[in-house]
Structures are given as structure tokens and as C-alpha cells.
Amino acid sequence: MKVLMLGWEFPPYQSGGLGTACYGLTKGLAQEGVDVTFVMPHVDGDVDADFVHLIGTKGKKVRLRGIRSALRPYITAEGYTNELHHIEIFKKPGAKQVYGRNLYEEVHNFTRAARKIAEEEPHDVIHAHDWMTYKAAIEAREISGKPFVAHIHATEFDRTGGNNPNPYISHVEYEGLQAADLIIANSEYTKSNIIRHYSVDPKKVKVVYFGIDPDVPQYSMNFRSPLNQRDKIVLFLGRVTLQKGPDYFIEAAANVLNYKKNVRFIIAGSGDMLPRVINRAAELGIADRVTFTGFLEGEEVHKAFQMADVYVMPSVSEPYGLVALEAMKNKTPIIISKQSGVSEVLHHALKVDFWDIDEMTNKIVSVLNYQELFEELKDRGGEEIERFTLDGPARQTIDVYNEAIARYDKEAR
Amino acid sequence: MVSVCFYFQVHQPFRLRKYSLFDIGNDQHYFDMTKNIEVMDKVAKKCYLPMNQLLLDLIQKHKGRFKVSFSVTGTALEQLEQFSPKALESFQALADTGCVEFLSETYHHSLSSLYSKEEFQDQVALHRKRIKTLFHQTPRVFRNTELVYNNELGRLAEDMGYDAILAEGADHVLGWRSPNFLYRPKGCSRIKLLLKNYRLSDDIAFRFSNKGWGEWPLTVPKYASWINAVNGNGQVMDLFMDYETFGEHQWADTGIFRFMQDLPKELLKHPDNDFKTVSEAAAAYEPVAELDIPHPVSWADLERDLSAWTGNKIQQAAIRQLYDLEPEVKRTKNQQLIELWRKLTTSDHFYYMCTKWFADGDVHKYFNPYDNPYDGFITFLNVLNDLILRVKEKQGEKPSGAGNLIFPTEIQTSIIEQHRT
């Protein structure tokens, strides 16, 4: 089986959960004997780049093909313009203009490039991750005559928390999901969202819950910080954007401090809401109890989880929430929003409505005060996470490919 | 001769309301009365009222040849009295027939036999008194919460004067022996042990409506034939189950009422069968052997042990901290506080905290007010912390770090200050 996979990011070229999810998926697929060519936007270097990544125990290769582009996951139309400005500064004088003037033009460029790759790369199925690659997938489907599986990790409604979803992006999502032969949704939560917002045929949607890569040595570092000797640590880790609910976290932090001293709140991540959150911490008079780390990468992420006594994911709308699994794998008790995909599948976790700051406070204080609760969540959570492997989702994905191929053949006849 | 002994367990706990950190020191309403009334209403309608009527009809129809035994917890009796007096009257009508025996147990359906002998005996005494008042019977047979049993409890029940005690006929204690005889608890000289035949009991209680079960549908002649087959190699057939089996675990549309309606007649066709209350069975038969059960067995889950209530750290912590408070709460001599503490000893609170979910989660979900076991723990500990504050206040103690308060001092102080202003 050969898969042409269209994505946004892939480690180490990544800024969020989507890259981790794609890496886990391709690794799982490679271990199951599937050939993957992963196409993604890439800004480093002057030319389109090809990489070969050796992945998995059976030595299956995942080919990475970078298309020169300033596209970034989680980007907004304004964000793209800023990004472009940033690249222009470092551009050599006299170099050819390669980037689109705006986000929409750039998506168009990516689509054109993907068309070329679809001609060159033999494949049995096209698998595209989120809206930015859907147009490219539709094009590729026309070129190669192979079925298109749309993978939905987040909708525009999740990213904006339902406030002013970008009509262009929503439209691309709608078109892509309608055009796809089958759809993989990362949770029932996402499935119900696309049925509601995009009138997708429920029979076309398969839910595949992601697992995490267990072969990461950093999980067993047992990192402790000198901060642990003085304070209990409550962690927020994620993009500091409306979607992730950092504002609810900061309100809960102030509440917790009314009941318990010696608690430190860490906000790890960056995003457009960071200034607002910093100001709010100052307003609430808790600035000395809140630490902002900025964007963390690699080992730092594991350290942050391991030093935390509890991880809170207060997302307003979290299609899945892979980061919660990573926290669990790092043996950190978790409190997760009920408005998340992972809350459907995790048992050994505390769950709250993102807006229920009192309940969030109640649960944070309980984990910090009741030692046995902390230990039980940590131990049972550590056991539960073992079930979230890469091979299960990979096999389910292959089943979806086979079904898509069968469906497509039937339609073609 | 096979004597069929039906014993039905009736129990409802006082479920706790969602009690958060902010309530500690501010609110002494621990129980979710809306929920408790709702459950009692529902169960009375679906089970207690129709099934009691069915049993009453059977008793009248068979003119004393059909008999059953009940154990009704004190917490269930309280809620019947308050929320469903009609259902309580229907139990009293059964008692009046002389064909229904009421057993003895701890008033609060607690695990006190394992943690405090003094409290255990207090709760048993409270329950005996209540049964006497409501049903005009003095119980002769003891059944412990969730059929928790070991040698020590057998000896204790003998010392307390009981004629018999009930236990689960678990494979790991019986081995090759049959549950269809009476036994003598190890170290006892007088008291008799009746064992639940879990296969035939669970055929009704759990498998009756299971279409995946090879014996489905379970017909009256088929079931009666299994019991008849015991003739010649057994004396009793102890069918012990939750009363909510009828109409609640097995809904009316499964045909469970019809099944029970027709069963006695079918069984009485066989000249060697009869129905006995557990006291009558204990009087009629002699133990065939001594049974040594050093470690506690129960009727719960597949394990038939204590792991449903004490299997994990949060359960152990909650129980330990609850029983640690016993001497202090009793020293206040404040009946209201003691009763609140006792209502927290009800085993259901710990059952809700069970985390061995994946294999047998369905049973633990039944009437479980919590979405997950951790929420059950948090609520319970928050309530317990409030109770600890009340006890300290009654003792006139200034809260200090030296007490056995579970919260760090700084929180106690802030809560008490809030409470006083």
C-alpha cells in the first residue's frame, strides 16, 4: 500500500500537536508495512527539499517532500502576512519571488505543487490533514484517480472558539469534507462538529483515536526542579489562544490561591492571548505566583510535565487533545475539559466543563491536598496510557484506506 | 428434600450531593435529597410496589407454602419512611403474613465489621431495634454488608446469639464442596452457615435477560429442572440477590415478574421441594462440615473479595480517615454529628470510588451518582473535612495543625474564619 499524505508539519519542523499526530500516524503505518510519502510546506532553503526518514523497527521509509511555502499550521490570514514579512527580511537580494502575496494565494501555490507531486509519486490513496491541504487533495484525486481520505484534526469552529470563523477557511473545510471519499475524525466530538457545521454524511465518517509514541526516552527522566521543594506546581501547556482556555486557567489560579498558598502556576506556550493573560495575572494580584515560559520544545516539554503536580487542559473546544496523553505518559495527573475528544476515551482523569472555574478550583485543590488522589491518578493513568499505542490507530487507518479504495472502485464502475 | 431459600437484599444509600471545596465550613447539607427521592420513587414504582404485591399474592395463593426472607438496611428504611410510605407499608404487609423473615445487618450498610467492632455492634443494635419496631420481628439470622464474611465474623455472630449467618458460596472457598448444604464456621459450636448458590442466583439476577447467554430465554420449567436436579445431593438452594433485580436490573418487559409468578407453583409440583425462610432452613438441617474462611469473601464482582470497596489508594485513604474520626465524633456525644458520620460509613460511598472499571464497570455504574470514581472521592473527602471541622468546633478546640485534619492548617484557619464572619 502506498499513501500520498498531505500535511502541514512534521517533526522537527513543527509547532504543535498536529505534527506529533502525523508523526505518530506515519510511524505506525510504516510499522504496519505501508509506504508513506509525506508532503508538507517548508521554508528552509532555497529549493523544494526531499528528505528520507528512516522510521520504525521494520526499517520502512517515510519520504518527506517539502514544498517551499510559508504556510504554517494554526495560521490566520493576518498571521500569514506577518510570516511573509519575516521571511522577506532574510531573503537574498535579487531572489525570485516564490511566496504568495497572501494566505489564499499561498494555499493555491501549495495546491499547484501538490498536483505535480501527485503525477510523480505512485500511490493507492490520498490522505490529507486539515483544511490547508484539502484543495491539494482534490486536485491530486483528479490527476491520479485515487480515493481521497480527509483527516480532520480541528475545524475552524474549534480554532476560533466559534467567534468569527474565517469564511474562506470554513468554505475550504466544507468543500474538502464533501469531496472526500471517507473522513477520519479524531474523536466523536469532532465527528459531531463536522456533521453539525458541514452537513457531512455520518456514514462517511470514521473515528480513529490517536495514540502516542512510547519510544521516547524522555518519558522516564523523572525530572524534578528546585521549585518542587517550595511549591506545588500546576501546569498549563499549549498555545495561549482562545481555543485553549488560558483565561479560565488564570481565573482558577487566583481562586486556588485563596485556599492554598505555596502553589505555582506555570503557563507554557505562546500565542495571541499571552499579553491579555499576563495583564490579568497582574490585575488579580497573583503575578508572583505565575510563571510564563514561552514556547517549549522537545525535552523541555517533558521536564515541564514531570515537575508539575497536575496538568490542566481547560480547552474551550479541543477536537482531541494529544497533549493530555503526553502528560499522562509523563506520570502527571490531569484535569481535562469535558469539551475535548480525549475525555471520551480517558477514565483515569479528572474532567471539568471549561467554563466551570469553581469546579476547576475544587479539583486542582483536591489533587494538591489529597495525596492518595494524586497517586491514584498518576499510577492508574500511567497504566491506562499504555493502551494508547501507535499500531492500533494505524491498523484502523489502513481499514479506512481499504474501504475508501473499495468505495471508489465501486463508484468508478 | 430441597428447601428453596429466597433472600432479597433491599438497600438504598444516602447519596452525597456535589460538595465542593467552597462548601467546607459553610454548608452542612451533605446529601442530594433530590437525587435520593428520585431514585426511591423510581425503584418503588418499578420494583418494591409491584414485586411486594406479587409476593403477597403468591403467599396467599400457596397458603403458607411459599416463603421468602428479606434484609432491608436502615438507610433504606429511613428513605422508605420519608419518601415512599406506601412501599414501606407493603413490606409491613408481607411481614404480617408470617411467611416473610427479616434478617439482621448493620443499620448503615457499612463495612464496620472490618474496621471497628464497637461501631459494628452499635449499628447492628440500631438495625435490630428498627426491624422490631417496623416489622415486629426479632432477627435470628445475620447477613453482613455485601455478604462480607470470614471466620472471625462467624464467631462474632455466634457470640451475638444468632442461629445462622449468610455468605457467598464462592468457588475459592468451597473448592469441591457444594453450596447446597449447611456448614459450620471454623471455631464455632452452634451457629450455622448458609451459602449463596451463585450460579442459580445469578441466572436470575444477572443473566435472565442476556440474549447472548446460551440458556436464554430462561423458562420456568427449565429453571425448576435445575433445582429439582439437586434432590438427592443437596438440602438447600440458597437464592440470594438484590431485590432491585425485579423490575430494575431486569426490566418488567424481560418477563421477570411473570417468571417469579409461575416459579413457586412449578417447584411445588415436585413432592420433595419446599420453600423455607433462612431461619427455618437453619433449624431443619445440620451442618455437614466445618468451613474455614480466614480471608473476607463478598458477593461483589468476579473477584468475590473486598477489592470493590478497598481495592485502591483513594478508597483506603477515605476509609482510614473516616474511621480515624470515630473516637472524636463519639466523644462529642452529639447525636446529629454521630449520625452524619454513620451515614458516611455506608459502603456505597467507597464502591463509587472503585477504579477497576474496565472489566465490570457496568455494575458499578448502577445508580452511581458520579461520572468517575475520582469525583466520588473528592466529594467524600470534602464532606469528611467539613465534618471534621464540626467535630472540632463541638469540642471547643481551636483548629490547629496538631489535629488529624486532612487539610493543611492554613486552609482550616481560612475556612473557619469565613464561617465565623
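This is a predicted model: local features need pLDDT of at least 70, side-chain atom pairs count only at pLDDT 80 or more; totals for chains, interfaces and linings use all residues.

Colleague: How far is the sulfur of B:Cys99 from the closest cysteine sulfur?

Modeller: A disulfide needs two cysteine sulfur atoms within 2.5 Å. For B:Cys99 the closest cysteine sulfur belongs to B:Cys5, and that is too far for a bond. The separation is 14 Å.

Colleague: Is B:Cys99 buried or exposed, and what is its relative accessible area?

Modeller: Buried means under 20% relative accessible area. B:Cys99 falls in that class, as does B:Cys354, which has 1% relative accessibility. For B:Cys99 the value is 8%.

Colleague: How many aromatic pairs are there over all chains?

Modeller: Two rings pair if their centres lie within 6.5 Å. A search of the whole structure on that basis gives 40.

Colleague: What class of pair do A:Tyr174 and A:Tyr198 form?

Modeller: Their ring centres are 6.5 Å apart and their planes stand at 55°. Planes under 30 degrees apart count as stacked and those over 60 as edge-to-face, with the rest tilted. At 55°, therefore, the pair is tilted.

Colleague: Which helices of chain A does this pair link?

Modeller: A:Tyr174 and A:Tyr198 are 24 residues apart, so the pair links distant parts of the chain. One partner is in the helix of residues 167-179 and the other in the helix of residues 188-198. These are H6 and H7.

Colleague: What is the class of the pair A:Tyr370 and B:Phe377?

Modeller: The centres of these two rings are 5.6 Å apart. Their planes are at 90°, and over 60 degrees is the class edge-to-face. The pair is edge-to-face.

Colleague: Where are the two partners, A:Tyr370 and B:Phe377, placed?

Modeller: The pair crosses between chains. A:Tyr370 is in the loop between helix H14 (357-369) and helix H15 (371-384) of chain A. Both partners are buried, A:Tyr370 at 1% and B:Phe377 at 0%. B:Phe377 is in chain B, in helix H18 (residues 373-394).

Colleague: At what distance from the ring centre of B:Tyr198 does B:Arg304 lie?

Modeller: A charge over a ring has to be within 6 Å of the ring centre. A:Lys329 lies over the face of A:Tyr219 at 5.8 Å. B:Arg304 lies over the face of B:Tyr198 at 4.7 Å.

Colleague: How are H13(B) and H18(B) oriented to each other?

Modeller: The axes of H13 (residues 313-324) and H18 of chain B come within 10 Å and cross at roughly 15°. The crossing is left-handed. Angles under 35 degrees count as roughly parallel. The two helices are therefore roughly parallel.

Colleague: What is omega of the peptide bond that joins B:Trp216 and B:Pro217?

Modeller: B:Pro217 is in the loop between helix H8 (198-205) and H9 of chain B. The peptide bond from B:Trp216 to B:Pro217 is cis. Its omega is about -5°.

Colleague: What is phi of B:His136?

Modeller: B:His136 is in the loop between H5 and strand E4 (141-142) of chain B. At 58% relative accessibility B:His136 counts as exposed, because the cut-off is over 50%. Phi is positive although the residue is other than glycine, with a value near 55°.

Colleague: What is phi of A:Asn164?

Modeller: A:Asn164 is in the loop between helix H5 (156-159) and H6 of chain A. A:Asn164 counts as exposed, at 71% relative accessibility. Its phi is positive although A:Asn164 is not a glycine, at about 45°.

Notes:
Residues are numbered from 1 along each chain as its sequence is written. Chains are lettered from A and ligands numbered from 1 in the order in which they are written. Side-chain values use heavy atoms; hydrogens and water are left out. Buried means under 20% relative accessible area, exposed over 50%, partly exposed in between (1.4 Å probe, protein chains only). Rings of Phe, Tyr and Trp (its six-membered ring) pair if their centres lie within 6.5 Å; planes under 30 degrees apart count as stacked, over 60 as edge-to-face and the rest as tilted. Helices (H or I, at least four residues) and strands (E, at least two) are DSSP runs, numbered from the N terminus. A charge sits over a ring if NZ of Lys or CZ of Arg is within 6 Å of the ring centre and within 35 degrees of the ring normal. Axes are lines fitted to C-alpha atoms, for helices over the stretch in contact, and angles run from 0 to 180 degrees between N-to-C directions. Angles under 35 degrees count as roughly parallel, over 145 as roughly antiparallel, 65 to 115 as roughly perpendicular and the rest as oblique. A crossing is left-handed if the near helix is turned anticlockwise from the far one by less than a right angle, and right-handed if clockwise.
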